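Below is a short note on the model you sent.

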Amino acid sequence: MRQHRRTLRLLGSLLLVAMAASVTGAAPAPAASPTPLDRVIPAPASVTPGGSPYRITRGTHIRVDGSRETRGVGEYLAKILRPSTGYRLPVAAQGAGGIRLRLAEGPFGAEGYRLDSGRGGVTITAAKPAGLFHGVQTLRQLLPAAVEKNSVQPGPWLVAGGTITDTPRYGWRGAMLDVSRHFFTVEQVKRYIDQLALYKINKLHLHLSDDQGWRIAIDSWPRLATYGGSTEVGGGPGGFYTKADYREIVRYASSRYLEVVPEIDMPGHTNAALASYADLNCDGVAPPLYTGTEVGFSSLCAGKDSTYDFVDDVIRELAALTPGRYLHIGGDEAHSTSHEDYVKFMDRVQPIVAKYGKTVVGWHQLTGATPAKGALAQYWGLDGTSAEEKARVVKAAQNGTGLILSPADRVYLDMKYTKETPLGLSWAGYVEVKRSYDWDPGAYLPGVPGGAVRGVEAPMWSETLENSAHVEFMAFPRLPGVAELGWSSAASHDWERYKGRLAAQAERWDALGIEWYRSPQVPWGGGGR
């Protein structure tokens with residue numbers, strides 16, 4: 001009799017639900033299904049779906065081995081998952097099932113990983129901590145977008161069953177942030193770092209000096225920051241990073257497995273320095289501070305020995321603050337420097353970089369001089385750049401100079417999407433999402449040996465960008481595509497398939513509070529394939 005009453009109550013409840021649905025017109029909620037393994041960005045190298053999904057529950061543990069780095073990745077993952085799931089998710093070396101992060105020998109290289117998912121749990125395996133971290137980014141994208149929110153969400157938290165095996169195509173997958181035209185605070189830079197990490201970007205190139213502002217404290221030349229950093233485009237207050245600020249950016253980037261590449265642009269783009277110290281000028285007269293946007297009018301004095309004392313001091317102090325391998329010396333748009341002086345300048349400055357243990361990176365105009373052994377040239381030309389200029393870059397690559405590809409009419413994130421875009425510039429043309437994605441770095445400059453292309457980088461110049469919302473609007477949705485060009489195989493690049501995967505990212509950006517541009521080229525409302 002008791003069983004009969006329970007059955008009647010159950011049938012009555014179901015009837016009420018059905019009646020409510022008929023009254024409100026609401027359809028029954030569909031059963032939750034996990035995100036397919038091949039829906040992530042960048043596209044993984046190998047995906048084998050199959051088996052039951054794993055469900056994160058109140059009893060899930062994050063299991064790590066004894067290494068400090070693995071525990072750090074585990075704590076990072078827990079910090080993402082706890083607010084939205086409401087679960088404790090303890091990070092510990094012991095326990096069964098759950099999410100396991102493990103370092104082990106395998107064909108993963110420095111950044112690759114394998115993700116295995118099934119009913120019993122999820123295991124991410126890598127040879128190095130960076131690989132575990134990149135595997136965690138994939139896991140994030142396999143979970144519902146609501147996992148990114150800072151309040152408890154309903155779930156369920158399912159991870160599709162199967163295996164992903166993944167390694168990057170290129171070792172340099174970069175993004176540049178120009179903090180000179182407009183200054184960005186430490187917290188704003190950290191916010192961008194977190195957004196870059198989601199898509200496995202591994203280099204943060206900071207453009208620390210230009211005509212409009214000097215942004216890093218140099219003890220031996222203090223007016224560079226206090227005076228040269230006191231303004232920005234449009235005449236705002238500017239700002240600069242103390243050495244402690246810069247160390248904090250480096251530390252935070254490292255915790256997200258990004259290497260900071262600092263740039264001091266020279267011999268051109270130097271008005272902030274020239275205004276700070278008269279002796280850096282050939283005539284000994286300091287120009288006024290500059291808040292406009294024109295380029296090519298400034299130059300360090302290549303014929304003065306004091307110029308190289310200045311460069312030595314700056315590189316010495318910056319190198320001491322930077323644990324990464326690279327130091328960028330700019331070298332672009334030095335229109336006020338004669339070719340003879342430009343060559344002389346680069347011949348003297350590149351050995352200074354080596355003296356302090358760093359590898360030279362320069363914009364591709366460096367190939368007009370003699371790039372140092374091991375130097376990297378960052379190509380920012382256009383599809384329509386002259387054959388002569390391209391040939392010079394190709395020849396340098398054939399002679400051993402590595403290339404980072406940043407074609408301005410493809411991956412300059414400050415270029416307007418269309419003529420109606422309220423932010424950005426258009427000197428390189430309009431760069432919609434498809435144009436930014438639909439090219440192959442390995443084939444972009446014919447004649448360049450395959451091994452010479454070290455990767456890609458998406459620069460963000462800030463003449464018109466004043467805050468994080470501006471940066472995000474110009475970066476999203478183009479940044480994930482550049483990340484995929486750097487990580488995924490050329491064979492995987494297909495716009496028709498990619499745009500569906502990109503559309504599925506929008507809900508995650510909303511959950512993260514990211515401003516983004518709703519490109520008409522992407523089926524935002526229709527999901528992916």
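**Notes on the predicted model**

1. The structure holds one disulfide. This is a predicted model, and what follows should be read as such. The bond runs from Cys 282 to Cys 301, with an S to S distance of 2.1 Å.

2. The torsion about the S-S bond of Cys 282 and Cys 301 is about 105°, so this disulfide is right-handed. Both cysteines are in the loop between α7 (271–276) and α8 (305–321), so the pair ties together parts that are 19 residues apart in sequence.

3. The largest cavity holds about 60 Å³ of space.

4. Which residues line the largest cavity? The lining consists of Leu 177, Phe 184, Gln 188, Val 189, Arg 191, Tyr 192, Gln 195, Ser 468, Val 471 and Glu 472. By class, five of these lining residues are nonpolar, three are polar and two are charged.

5. Two or more residues of that lining come from each of α4 (186–198) and α13 (468–475). Helix α4 supplies the largest share of the lining, five residues.

6. Helix α15 (residues 495–503) is mostly covered, with seven of its nine residues buried. The buried residues are Trp 495, Tyr 498, Lys 499, Gly 500, Arg 501, Leu 502 and Ala 503. Lys 499 and Arg 501 are among the buried residues of α15, and both residue types count as charged.

7. What covers the buried residues of α15? The cover includes α12 (433–437), α14 (478–487) and α16 (506–512).

8. At the start of α15, a side-chain oxygen of Asp 494 comes to within 3.2 Å of the backbone nitrogen of Glu 496.

How values were computed. Residues are numbered from 1 along each chain as its sequence is written. This is a predicted model: local features need pLDDT of at least 70, side-chain atom pairs count only at pLDDT 80 or more; totals for chains, interfaces and linings use all residues. Side-chain values use heavy atoms; hydrogens and water are left out. A disulfide is a pair of cysteine sulfur atoms within 2.5 Å. Helices (H or I, at least four residues) and strands (E, at least two) are DSSP runs, numbered from the N terminus. On a 1 Å grid over the protein atoms alone, a cavity is a set of points where a 1.4 Å probe fits but cannot get out, and a pocket is an open set with protein on both sides within 12 Å along at least five of seven lines; lining residues have an atom within 4 Å of a point. Grid points are joined across faces, edges and corners, and a volume is the space filled by probe spheres set on the points. Buried means under 20% relative accessible area, exposed over 50%, partly exposed in between (1.4 Å probe, protein chains only). Contact means heavy atoms within 4.5 Å. A polar contact is a pair of N or O atoms within 3.5 Å; within protein, one must be able to donate a hydrogen and the other to accept it, and residues adjacent in sequence count only if both atoms are side-chain atoms.
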